[in-house]
Amino acid sequence: MMSTHKQAIDDEKKVAAEEQIRSLRKEIDYNTRDYTIDFLIQQFRNDEFYIPDEYQRQYIWNEEDKNRFIESILLGLPIPLMFFSDTEDGRCEIIDGAQRTQAMEEFMSGDLVLGGLKKLTSLNGFSYEDIFVNDGSTDRKKYDKTNMRIIVLSDDTTLEIRQEIFNRINTTGREANPSEIRRGSFRGPFMDFLMECTKDPVFKEVCPISETMSKRYEQLELVIRFFAFLNRYEQFTHRVDTFLDKYIEDVKDSFEKDKMKEEFDRTMKFVKKYFPYGFAKSANAKSTPRVRFEAIAVGVALALRENPELQPASMKWLDSKEFKIHTTTHASNSPARVSGRILYVKKMLLTGME
């Protein structure tokens, strides 16, 4: 990580800094405009709003991205600001918002059929025309007249500045990870329960997490994986994020808190008692590999379901080549690997035999 040492700042440097700020700020002049979707798309089709080739990305959104965005509009959710720039020929250059604009145009032209919607599930398989039966429908007007808020730079903004804005928008900050998204998307008693588990003192002791990953809710990710794989590992196909989301959606309104907490606590205490480094690889480890956590946590819990009074005959298998193969990250999310590592730990605990 690059660090900057404190330097002596004299009056001359302060004046130079102030002049530089004033000079560069003058290069950026903008105003805010609201364009309805139907107007925005019509202008885009007429090439009045256009995507510059100099620095813009290609149309890279996949079907899930497009559907999620259109669903957000239909739900009436706030849409992030777009950035355009006036140009000398009277047209508007799309600096940030190209993916969204193209998705809206694809939907309104009938080329995008909705699918995989998580909230408006009744609209899966519908096109724009299917939803909005006729031009006079109230629903069509609500959609077409939805406002997109645009920051529009003045036409004297240089290409260099427009490129700089594009780069900063698309590289500044860190994309939210699945755990951060889930915490915001699935608020309620079940998420409160999962967060309660992350604060369990035994769990925190046997499951070291770096400060950086902790701030990004890595403990929550592990707790969700524990319950989801424990109860549904045989149903796992490939996409972990989709698998976890579906599990939460299915159980969030009908979970048995006391029973789940008891099983979680029992598993953590067993790991503390019989695994020398908990879920970590070594005594001084500051992180817990997810595949290792899944294998041990779920394997232990399944073994305890069969034998609540379990006392393993041997733990030498922890240093075996087979266990290391099971808990490497290569192909770690294939169904066979997920089941394989979980059932290996279960078998070793119950039998102590390779």
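This is a predicted model: local features need pLDDT of at least 70, side-chain atom pairs count only at pLDDT 80 or more; totals for chains, interfaces and linings use all residues.
**Entry 1: two helices that pack**

For my notes, a helix axis is a line fitted to C-alpha atoms over the stretch in contact, and angles run from 0 to 180 degrees between N-to-C directions.

I started with helix 14 (residues 257-274) and helix 15 (residues 290-306), which pack at an angle of about 110°. Their axes are 9 Å apart. Angles from 65 to 115 degrees count as roughly perpendicular, so I wrote that label down for helix 14 and helix 15.

Next I looked up who meets whom. From helix 14 I found Glu263, Arg266, Thr267, Phe270 and Val271. On the helix 15 side they meet Ile296, Ala297, Val300, Ala301, Leu304 and Arg305. Sorted by class, this contact of helix 14 with helix 15 has 7 nonpolar, 1 polar and 3 charged residues.

**Entry 2: Glu263**

I picked Glu263, which sits in helix 14. Is Glu263 buried or exposed? The cut-off for buried is under 20% relative accessible area, and Glu263 has 11% relative accessibility, so I put it down as buried. Skipping neighbours within four places in sequence, I listed its contacts as Phe226, Leu230, Ala301 and Arg305.

**Entry 3: the cores**

I then went looking for nonpolar cores. The largest one has 59 residues, and Phe227, Phe275, Trp317 and Leu349 touch the most other members. Several helices give two or more residues to this core, including helix 9 (189-198), helix 12 (218-232) and helix 17 (335-351). Which helix gives the most to this core? I found that helix 15 does, with 10 residues.

I followed up on Phe227. Not counting residues up to four places away in sequence, Phe227 touches Phe193, Leu194, Cys197, Tyr247, Met260 and Phe264. There's also a second, separate core of 29 residues, and among its members I noted Phe69, Leu123, Tyr143 and Met148.

**Entry 4: helix 13**

Helix 13 (residues 240-251) has 12 residues. I checked its span: 17 Å from the first C-alpha to the last, close to the 16 Å expected at 1.5 Å a residue. Its buried residues are Val240, Phe243, Leu244, Asp245, Tyr247, Ile248 and Val251. Tyr247 was already in my notes as a contact of Phe227.

**Entry 5: Ser154**

Last stop was Ser154, in the loop between strand 5 (147-153) and helix 7 (159-171). Ser154 has 14% relative accessibility, so I counted this one as buried too. Leaving out neighbours within four places in sequence, I found Ser154 in contact with Asp29, Tyr30, Ser85 and Asp86.

Key: Residues are numbered from 1 along each chain as its sequence is written. Side-chain values use heavy atoms; hydrogens and water are left out. Helices (H or I, at least four residues) and strands (E, at least two) are DSSP runs, numbered from the N terminus. Angles under 35 degrees count as roughly parallel, over 145 as roughly antiparallel, 65 to 115 as roughly perpendicular and the rest as oblique. Contact means heavy atoms within 4.5 Å. Ala, Val, Leu, Ile, Met, Phe, Trp, Tyr, Cys and Pro count as nonpolar, Asp, Glu, Lys and Arg as charged, and the others, Gly among them, as polar. The expected span of a helix is 1.5 Å times one less than its number of residues. Buried means under 20% relative accessible area, exposed over 50%, partly exposed in between (1.4 Å probe, protein chains only). A nonpolar core is a set of buried Ala, Val, Leu, Ile, Met, Phe, Trp, Tyr and Cys residues joined through side-chain atoms within 4.5 Å.
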